[in-house]
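Hi everyone, thanks for coming. Please have a look at the structure on the screen, and then we'll walk through a few of its details together.

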Amino acid sequence: MKPLKGVHHVTAITSSAEKNYAFFTEVLGMRLVKKTVNQDDIQTYHLFFADDTGSPGTDMTFFDFPGVPKGVHGANEIAQTAFRVPSDDALDYWVKRFDRLKIEHTGIQTQFGKQTLSFTDFDDQKYQLISDEKNTGVPAGTPWQNGPIPLEYAITGLGPVFLRMTEVAAFKQLLEKVFNFRHVAQEGALDLFETGEGGNGAQVIVEHAPSSPQAQQGYGTVHHAAFRVQDKAEIEAWTAWLKNFRIPNSGYVERYYFGSLYIRVAPQILFEIATDGPGFMEDEPYETLGEKLSLPPALEPKRDKIEQLVRPIDTVRSTKIFEKEYEK
């Protein structure tokens with residue numbers, strides 16, 4: 001069994017696709033590489049923010065389910081999503097930027113020997129920036145070249161997936177015995193696991209929080225986390241592997257931009273295994289990624305209906321110039 005290569009993407013729930021687009025584009029400087037709909041719920045937008053070319057391991061995606069209530073943070077959830085930045089100096093830049101833009105943050109902290117900066121968005125979605133200065137392992141992506149963030153400080157991909165659990169022992173066994181993660185460190189109530197080449201792009205952090213109240217999924221919380229494999233053959237191998245443990249799964253699901261396998265690993269925690277390709281430039285050129293409503297071939301016959309269900313959002317950026325925003 002080939003190990004999982006690292007984090008593929010994290011998908012969360014937002015209260016507003018418009019505010020979400022503005023936050024990720026104008027505040028975080030991540031590139032919208034695909035504007036499409038939830039393939040299982042076509043009235044819901046699915047927005048993908050990633051690096052310059054939409055590389056696997058760099059994308060944070062969002063659903064804007066109509067009418068969904070606000071989520072409640074607590075235990076037994078994917079509690080925080082991390083983004084990689086190139087250096088410790090980059091975190092100093094982001095502190096100044098968040099202060100100027102009035103984004104709530106914790107200040108720079110140290111976690112497993114690396115500097116981090118945690119922050120929240122308008123939905124109380126939890127994020128963290130993590131420095132790659134002392135990092136080895138899975139290479140980072142390429143920052144959005146034409147975005148507002150100076151390239152030496154810009155986000156380059158996803159960092160560790162952070163889970164908060166009331167019962168850690170069984171979940172640790174699941175990560176190690178089923179998903180072949182390696183336990184590499186412990187720091188207080190936090191356990192650090194990694195897979196594949198390791199490093200920030202291939203890590204999971206589990207917090208033991210036995211007395212925390214149960215989390216409730218809604219906007220402002222994470223829907224699922226996905227991990228990378230090379231191709232469909234590896235997904236089929238994982239499907240057979242999970243059968244050995246009698247773990248229910250979705251079987252192969254064709255998502256057009258990648259292939260997927262879904263596994264419910266705890267009542268509110270959904271893992272996905274996803275292929276690295278084909279990627280986001282199957283139906284749009286590099287220059288205008290994310291500017292039109294893209295639909296996979298299976299949904300194209302329903303385009304007229306879908307365009308009536310989802311309100312238009314102007315995501316054209318190729319005609320605009322984003323000046324690099326240095327912070328004083």
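Let's begin in strand β16, residues 269-278, where P278 sits; strands here are DSSP runs of E with at least two residues, helices are runs of H or I with at least four, and both are numbered from the N terminus. The peptide bond from G277 to P278 is cis, with omega near 0°.

A word on the source: this is a predicted model, where local features need pLDDT of at least 70, side-chain atom pairs count only at pLDDT 80 or more, and totals for chains, interfaces and linings use all residues. Residues are numbered from 1 along each chain as its sequence is written, and side-chain values use heavy atoms, leaving out hydrogens and water.

Next, backbone angles. N76 is not a glycine, yet has a positive phi of about 65°, and its place is the loop between β4 and β5. Is N76 buried or exposed? With a relative accessible area of 14%, N76 is buried (buried is under 20%, exposed over 50%, partly exposed in between, with a 1.4 Å probe and protein chains only).

Now, how many salt bridges does a search of the whole structure find? There are 19, each a side-chain nitrogen of Lys or Arg within 4 Å of a carboxyl oxygen of Asp or Glu. In one of them, D132 meets R84 at 3.0 Å, N to O. D132 is in the loop between β8 and β9 and R84 in strand β5, so the pair ties together parts 48 residues apart in sequence. Both D132 and R84 are buried.
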